[in-house]
Amino acid sequence: MNMTTARSLNEYPPALDVDPACEEAVRAAKRRAAEVGLVLPPDFVTLWVKAPGAPNHAETHVSNSRYVCVFMRDDLGPRGTYETMLHELQHVADASIIPHSSRDEVERRAEAFVVRAMRGDPVNTIDARRSALRREGQLSPIVPSANAGIHSRRAPPGH
Ligand SMILES: [Zn+2]
């Protein structure tokens, strides 16, 4: 979601020459989301934009709780596109509740979904997630709770 005062991704020009590997990463994220049980509306759209240096990697826009559009930068590379799309797909699935939910809640749900979808993936480290969030401009104190399973690997206090 774009909750900052920076220029929104829908104000940038469309990308007309998207790397096929990034397009495949979006399809792979949709397949992975379905595998782990995310229910997506059939009619949302993904629009690629040229926005190098924009604070957000992607934004999910919801109009009237129904019309959903994911704006995705075309310069994230396949891995960055994959992770970012997983995050946005939870927002897409949450389209009907987003207007009635807090930003922290919807971001917590999106990050929890990324962790769940990428469980078992060697790239899924908390450092990778934190750097991804920082790039999206959404790093916040909600991250540790969203990654509670990772934190639980630490030795118990006093040892
Ligand atoms: Zn988000």
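Which residue of strand 3 is the bridge partner of Val62? In this predicted model, the partner is Val68, and that pairing is a handy place from which to start a tour of the sheet.

The sheet is an open one, built from three strands in the order 1-3-2, and its pairing is mixed. Strand 1 and strand 2 take the edge positions, each having a single partner strand, so one side of each has no neighbour in the sheet. From one strand to the next, the twist averages 20 degrees.

Strand 1 (residues 45-49) runs parallel to strand 3, and five bridges join the two. Within this pair, Thr46 has Val70 of strand 3 as its bridge partner. Strand 2 (residues 58-63), by contrast, is antiparallel to strand 3, with six bridges between them. Here, besides the pairing of Val62 with Val68, Glu59 is found opposite Phe71 of strand 3. Readers tracing the side chains along these strands may like to keep a general rule in mind: in a regular strand, side chains alternate between the two faces of the sheet.

How many of the seven residues of strand 3 are buried? Five are, so strand 3 (residues 67-73) is largely enclosed by the rest of the structure.

Part of the surroundings of the sheet is helix 2 (residues 77-93), which packs on the sheet and touches strand 2 and strand 3. The direction of helix 2 makes about 165 degrees with that of strand 3. Helix 2 is itself mostly covered, with 13 of its 17 residues buried.

The buried residues of helix 3 are Glu107, Ala110, Glu111, Phe113, Val114 and Ala117. Where do these buried residues lie when helix 3 is seen down its axis? They fall within an arc of 155 degrees, so they line one face of the helix.

Terms used: Residues numbered from 1 in each chain as written. Predicted model: local features only at pLDDT ≥ 70, side-chain atom pairs only at ≥ 80, totals over all residues. Buried ≥ 20, exposed ≤ 12 C-beta atoms within 10 Å, placed from the backbone. Helix = DSSP H or I, 4+ residues; strand = E, 2+ residues; numbered from the N terminus. Arc of directions from axis to C-beta. Pairing = 2+ DSSP bridges. Axes fitted to C-alpha atoms, helices over the stretch in contact; angles between N-to-C directions. Contact = placed C-beta atoms within 7 Å.
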